[in-house]
Amino acid sequence: MSDTHYCCPFCGLVCDDLSVDLPGCPRAVQLSTAPALGVARSNGSEVDTAAAVAAAAAILRGARRPLVAGLACDVTGHRAALDLAERTGAVVDHMNGAGQFRNWLAFQDGGWMSTTLSEVRNRADVVVLAGTDATAFPRFFERCLAPESQFGELSRRVIVLGDSHSFPPERLAGTALAIPIAKERLGELCAALRARLAGRLVAAGTVAGMAPEQLDALLATLRAARYGVLAWNAAELDFPDADLAVRAMADLVTDLNRVGRWAVLPLGGSDGDTSAAQVCTWRTGYPLRVGFEAGGPHYEPLSHETGRLLAMGGVDALLWISALDPERRPPETDCPVIVLGRPDMTFERPPAVFIPVAVPGLHHAGFLHRMDGVVALPLSARTATGLPAVAQALAAIAKELSRAQA
Amino acid sequence: MLRLKNGRLYDPARGVDGLVQDLYVDAGRVVPAPGPEVRIDAELDLAGKVVMAGAIDLHTHIGGGKMNIARALLPEDHRGDRVPASDLGAGGFMHAGCGHAAPSTWTTGYRYAEMGYTACFEPAMLPANARHAHLEMGDIPMVDKGAYAMLGSDDFFLRLLAAGADPRLIADYVGWTLDASQAMAIKVVNPGGISAFKFNTRALALDEAHPYYGVTPRQVIGALARAVHDLGLAHPLHVHASNLGVPGNADTTLATMAAAEGLPIHLTHIQFHSYGTEGERRFSSEAERIADAINRQGNVSADVGQILFGQTVTASGDTMGQHRNHRHASPDKWVVMDIECDAGCGVVPFRYKDKNFVNALQWAIGLELFLRVTDPWRIFLTTDHPNGAPFTSYPHLIRLLMDRDFRNAKLDEIHPEAAAHSQLRGLTREYSLYEIAVMTRAAPARSLGLAERGHLGPGAAADIVVYRDDADREAMFGKPEYVFKDGELVVRDGRVVKVVNGALHAVKPEYDKGIERPLNDYFDRYMTVKMAHLKIADDEVCACGASKLVPHACTRHSS
Ligand code: SF4
Ligand SMILES: [Zn+2]
């Protein structure tokens with residue numbers, strides 16, 4: 001069966017049903033247009049790629065401890081980024097690290113019971129969207145909550161916990177329940193639901209703004225699920241100690257599994273963040289925020305964070321990889337910055353070195369994981385380019401580094 | 001040409017038991033003794049040394065989604081075994097990583113090679129996760145690799161079975177799965193049970209109907225064993241039986257053997273499936289009954305899944321079993337995942353304690369099985385890494401098998417009632433070097449159909465291990481003097497001296513590609529992935545990281 005469909009790298013769904021006739025959501029269409037060529041720059045001047053590579057190597061050679069961050073690319077790019085980080089004694093972090101580590105901290109504290117997209121599509125009769133409207137994943141409803149299921153027609157109940165005003169009205173219409181609740185109180189709500197589930201009384205008064213009867217009604221709906229799914233998008237849980245809210249949601253799902261079936265679905269995986277975490281985990285044991293030190297990989301999930309490292313002077317050079325979305329520019333910093341970016345990336349404050357790179361899944365083939373971390377899909381080259389892939393640019397820098405050492 | 005002179009060879013595939021003989025290696029192969037006109041470029045005098053083929057692990061969870069979940073879950077375990085990078089100059093670069101229970105891919109490859117292993121097989125690759133598994137295995141250096149595709153709880157198969165599909169159609173689907181996922185064999189885990197768990201069923205006995213499909217685990221085993229046989233695979237259906245770890249499961253295990261109806265069947269980590277319910281604690285050894293059954297039935301092989309004491313992590317496709325076991329999690333965190341209408345996985349960290357009655361008896365049951373199964377060609381040395389213990393404990397395990405005094409000394413240390421319950425002390429058998437070479441080399445190669453591995457005859461790939469003949473077998477097997485991979489010296493005195501990459505082995509069965517029509521339709525209607533994108537093309541295998549793809553042809557039998 002010949003494959004005329006291609007996979008989209010531009011969000012964590014990695015839709016694999018796109019074709020010339022069906023080019024995907026607006027985001028996919030927009031990001032699929034990228035120049036086939038670009039201009040490398042060093043200290044503001046146009047240079048050829050070789051000179052830019054040499055300038056990048058010079059910065060890394062002069063650095064005591066670089067930060068290799070951004071990491072928006074495909075698996076082959078991630079492998080090359082980790083190779084270079086290892087050889088330069090760098091720390092690695094992803095541009096979506098804030099959200100990723102709300103999940104990882106909760107995960108490493110207690111684990112969870114989770115599921116994947118095709119299970120959701122075929123089984124989920126109750127879907128809770130906690131603190132998210134899922135619009136960061138434009139085709140989530142179409143792809144994962146389509147009505148047809150191999151186990152017969154599913155009448156899904158979608159429960160929205162959060163600011164329902166952000167929810168598209170056409171979605172809300174089909175929603176069983178929309179409970180306005182501040183994201184910061186999701187943890188409190190889940191703790192109360194767990195207490196009620198265990199048969200304990202919850203102190204009189206409201207919990208997370210909900211009356212006791214409302215709480216019990218919600219719990220009854222959750223318990224009636226044949227296969228319930230609790231989804232959140234950690235990137236949108238932007239408040240202090242959000243990992244504790246994630247933990248509370250995971251614990252609620254675990255408790256619901258004592259008698260029924262439930263699973264968590266952490267939405268995410270955009271900008272290649274699932275692949276970055278997967279590759280780093282199999283190569284080092286840790287899901288990013290690893291520093292390569294003389295004694296071996298050193299994991300610091302809190303302090304190896306891009307913003308903190310740059311602010312505290314914990315690193316003295318930044319290599320920023322952003323090959324998927326030109327809007328994802330490097331953070332402001334005073335240390336020298338090397339950017340491997342899409343050719344259409346523009347800067348207010350140009351980095352010391354800019355090397356335009358090919359877009360994975362558009363200009364070159366590769367591999368990318370979907371948000372669930374299970375399915376890794378093949379990316380294909382859809383248009384020709386003269387640009388190097390991230391892995392090629394990084395290999396060139398590494399070669400330049402070892403040549404200078406020899 | 002390289003001459004390995006005067007070594008004492010243990011090469012059971014040719015019946016060679018401690019014969020002093022020279023070996024010649026050229027272009028990565030063992031070659032016949034050359035004539036005098038051929039120049040010998042290098043020579044090693046191995047007088048007094050023990051020489052075997054490279055060891056082959058046919059059941060070790062080295063790569064794939066569940067291992068990455070285990071790694072991500074256990075930063076505290078990695079911290080105790082940090083592995084720095086090491087530049088070997090002309091020998092290449094050894095990457096940093098981590099060791100112990102869920103080692104990084106790099107460290108996995110280095111440490112296997114440093115124990116004299118040259119091929120490892122990941123036994124639980126989910127077809128939905130296959131590309132990820134190949135990417136992970138692509139970063140495991142030093143050893144050849146392969147993987148078994150998991151079937152039996154995937155909805156497409158269960159639909160076929162429930163609809164009473166023709167065995168030929170089922171064989172086509174199994175053949176397609178092997179081909180699409182670049183697999184070496186078929187494994188079934190808790191037959192039908194992973195699917196049943198998604199329907200909120202918490203236990204599924206061998207003859208119990210699946211809550212949705214109505215088929216029984218026995219039917220699942222029968223259909224898959226038939227398909228594997230008809231496709232002409234070398235390795236039998238690889239079965240993780242129902243009721244893992246449940247006291248009294250020995251009856252299920254015996255019935256599972258019977259479910260193959262005389263066709264070849266491999267029962268994995270059989271230690272976890274050899275439990276009775278005798279005694280005050282309602283937990284006892286059924287090792288004797290299980291071993292007798294294996295001894296009697298030539299179509300049955302098994303690997304042990306020995307447990308050894310200490311911290312580890314259990315990783316399994318058996319969501320039903322792992323959810324049941326989560327209350328034993330230590331540290332108290334665990335993961336259960338339903339996966340893609342395909343299968344699932346469960347990860348539960350575990351600490352086996354020698355002073356715990358159940359753990360101590362599990363240890364003794366595993367050893368009893370090793371010692372009671374008389375034919376080393378049908379029982380394989382595994383700890384079900386990392387489920388019973390990390391693979392790095394193999395040298396210790398080999399000493400337990402080869403050294404009765406050592407074994408009895410260890411028996412004195414375990415929970416006294418467990419020691420008293422066990423008949424282990426009465427078992428005087430000590431494995432010989434020849435038998436160790438059978439169970440870790442010749443037999444796994446034969447079971448997997450690796451004609452060029454696991455032996456030292458002319459034409460074999462020159463995967464060769466040289467040991468000092470040390471009475472302390474743990475020291476001996478933990479630190480080979482030389483390891484050659486495809487003719488290259490890669491390990492010296494138990495340390496990697498040259499980094500190499502390994503090949504990927506996969507079977508290429510014959511099947512009717514017409515199966516893609518209903519499959520494509522099924523994926524388009526119900527899945528969030530297209531059938532075409534689940535398939536891993538031959539040229540992707542190297543892009544994933546393997547040095548090359550080694551295809552193994554199969555001859556289809558008609559049923
Ligand atoms: S939803 Fe995401 S993966 Fe799908 S087409 Fe849009 S951007 Fe691409
Ligand atoms: Zn196993």
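Let me start with chain A. The centres of its domain 1 and domain 2 sit 34 Å apart, taken over C-alpha atoms. Keep in mind that this is a predicted model. The domain assignment gives domain 1 of chain A two segments, 36-96 and 271-405. Domain 2 of chain A covers 101-268. What do the two share? Contacts link 11 residues of domain 1 of chain A to 12 residues of domain 2 of chain A.

Now look at A:Asn96, where the 36-96 segment of domain 1 ends. A:Asn96 is in the loop between β4 (91-92) and α4 (97-110) of chain A. Is A:Asn96 buried or exposed? Its relative accessibility is 16%, so A:Asn96 counts as buried; the cut-off for buried is under 20%. Leave aside neighbours within four places in sequence, and A:Asn96 is in contact with A:Ser270, A:Asp271, A:Asp273 and A:Arg328.

Next, the metal in chain B. Which residues coordinate the zinc ion, ligand 2? The donors are B:His59 through NE2, B:His61 through NE2, and B:Asp384 through OD, at 2.0 to 2.1 Å. Their spacing in sequence reads H-x1-H-x322-D. B:His61 lies in the loop between β6 (55-57) and α1 (65-73) of chain B, and B:Asp384 in the loop between β22 (379-380) and α13 (394-402), so this pair ties together parts 323 residues apart in sequence. Both B:His61 and B:Asp384 are buried.

In chain B, β13 (185-189), β19 (310-316), α11 (319-325), β21 (343-352) and α12 (357-372) each supply at least two lining residues. By class, that pocket lining has 12 nonpolar, 16 polar and 7 charged residues.

Then the cavities. How many are there of 30 Å³ or more? The structure holds 10. The largest cavity has about 170 Å³ of space. Of its 20 lining residues, B:Glu340, B:Cys341, B:Asp342, B:Phe523 and B:Leu534 lie nearest the centre. Two or more lining residues come from each of α5 (155-162), α6 (167-181) and α18 (516-526) of chain B. That lining divides into 14 nonpolar, 2 polar and 4 charged.

Last, the second largest cavity, at about 90 Å³. Here 13 residues form the lining, and closest to the centre are A:Cys8, A:Cys11, A:Cys15, A:Cys25 and A:Ala28. The classes are 10 nonpolar, 1 polar and 2 charged.

Methods. Residues are numbered from 1 along each chain as its sequence is written. Chains are lettered from A and ligands numbered from 1 in the order in which they are written. This is a predicted model: local features need pLDDT of at least 70, side-chain atom pairs count only at pLDDT 80 or more; totals for chains, interfaces and linings use all residues. Side-chain values use heavy atoms; hydrogens and water are left out. Helices (H or I, at least four residues) and strands (E, at least two) are DSSP runs, numbered from the N terminus. Ala, Val, Leu, Ile, Met, Phe, Trp, Tyr, Cys and Pro count as nonpolar, Asp, Glu, Lys and Arg as charged, and the others, Gly among them, as polar. Donors are N, O and S atoms within 2.8 Å of the metal (3.2 Å for Na, K and Ca); water is not among the atoms, so sites may look incomplete. Buried means under 20% relative accessible area, exposed over 50%, partly exposed in between (1.4 Å probe, protein chains only). Domain bounds come from an automatic or database domain assignment. Contact means heavy atoms within 4.5 Å. On a 1 Å grid over the protein atoms alone, a cavity is a set of points where a 1.4 Å probe fits but cannot get out, and a pocket is an open set with protein on both sides within 12 Å along at least five of seven lines; lining residues have an atom within 4 Å of a point. Grid points are joined across faces, edges and corners, and a volume is the space filled by probe spheres set on the points.
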